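Let's take a friendly walk through a protein model. Have a look at the sequence and the structure, and then we will start with a question.

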Amino acid sequence: MTTRPEPSLAQRKRQLVADELTGAALRLLARKGFDAVTVDEIVATAGVSKRTFFRYFASKEDVVVQFLADMGADMRAELAGRPSPESLSAALRHTVLVSVNACAGHSEQALRVVQLILGTPALRARFLERQAQWRDELAAEVAERLGLAPADLYPQLAAGVALTAFDTVLQRWSDSDGAEDAGALTDRAFAIVAPALDG
């Protein structure tokens with residue numbers, strides 16, 4: 001088994017700055033709304049210069065987009081690591097749960113960020129754009145798992161079904177203001193789609 005090399009000191013410092021900027025931006029955006037927050041406020045909260053911000057992100061929208069990109073990478077890694085005897089519906093349910101839990105399993109701030117993404121047309125569009133990329137990545141993993149070509153219809157459909165379940169669960173959880181259990185919603189969603197995925 002290969003292990004990743006340890007990140008250098010410079011890489012760790014860069015990641016710390018990126019994390020600080022992301023955290024400051026998401027806190028402000030969740031509290032005040034997308035349109036009310038400026039880059040100046042984000043850098044003041046993070047304690048860095050505007051120039052530093054623009055070394056990491058092209059815009060405040062890109063902060064949220066990076067948050068979403070990390071979610072997709074986590075889903076693909078989860079699916080790749082699922083045991084091969086596991087049914088596809090179970091593997092995809094666990095895959096989706098990783099990101100559902102990243103959104104719902106933390107804090108009130110996570111709920112506000114999800115509501116911000118789903119309720120801001122520009123961010124919602126970027127979210128859907130990201131999901132299209134995730135679909136292709138998940139389809140490639142499904143194809144490898146099943147010994148099919150990634151361009152085959154089944155892997156694309158299976159990945160699309162999983163991401164539709166993810167999107168539906170997040171929307172329902174967001175609409176309930178966090179009152180509904182996102183994990184239970186995920187289980188219910190996959191109970192509905194499992195016959196199609198495993199049949």
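## A pair of helices

How are α4 and α5 oriented to each other, roughly parallel or roughly antiparallel? Keep in mind that this is a predicted model. The axes of helix α4 (residues 60–81) and helix α5 (residues 88–104) cross at roughly 150 degrees and come within 8 Å. Angles over 145 degrees count as roughly antiparallel, and therefore α4 and α5 are roughly antiparallel to each other. The crossing of these two helices is right-handed.

Which residues make the contact? From α4 come M71, D74, M75, E78 and L79. On the α5 side you will find A91, L92, H94, T95, V96, V98, S99 and C103. Sorted by class, the contact of α4 with α5 has 8 nonpolar, 3 polar and 2 charged residues.

## The whole chain

Now zoom out. The secondary structure of the chain consists of 9 helices and 0 strands. Reading along the sequence gives the pattern α-α-α-α-α-α-α-α-α.

What about contacts along the chain? Take those with a separation of 6 or more: 65% of them are between residues 24 or more positions apart.

## Size and burial

Along its principal axes, the C-alpha trace of the chain spans about 55 × 45 × 25 Å. A compact globule with 199 residues would have a radius of gyration near 16 Å, and the chain has 18 Å, which agrees. Of the 199 residues in the chain, 42% are buried.

Notes. Residues are numbered from 1 along each chain as its sequence is written. This is a predicted model: local features need pLDDT of at least 70, side-chain atom pairs count only at pLDDT 80 or more; totals for chains, interfaces and linings use all residues. Side-chain values use heavy atoms; hydrogens and water are left out. Axes are lines fitted to C-alpha atoms, for helices over the stretch in contact, and angles run from 0 to 180 degrees between N-to-C directions. Helices (H or I, at least four residues) and strands (E, at least two) are DSSP runs, numbered from the N terminus. Angles under 35 degrees count as roughly parallel, over 145 as roughly antiparallel, 65 to 115 as roughly perpendicular and the rest as oblique. A crossing is left-handed if the near helix is turned anticlockwise from the far one by less than a right angle, and right-handed if clockwise. Contact means heavy atoms within 4.5 Å. Ala, Val, Leu, Ile, Met, Phe, Trp, Tyr, Cys and Pro count as nonpolar, Asp, Glu, Lys and Arg as charged, and the others, Gly among them, as polar. The radius of gyration is taken over C-alpha atoms; the globule rule is 2.2 Å times the number of residues to the power 0.38. Buried means under 20% relative accessible area, exposed over 50%, partly exposed in between (1.4 Å probe, protein chains only).
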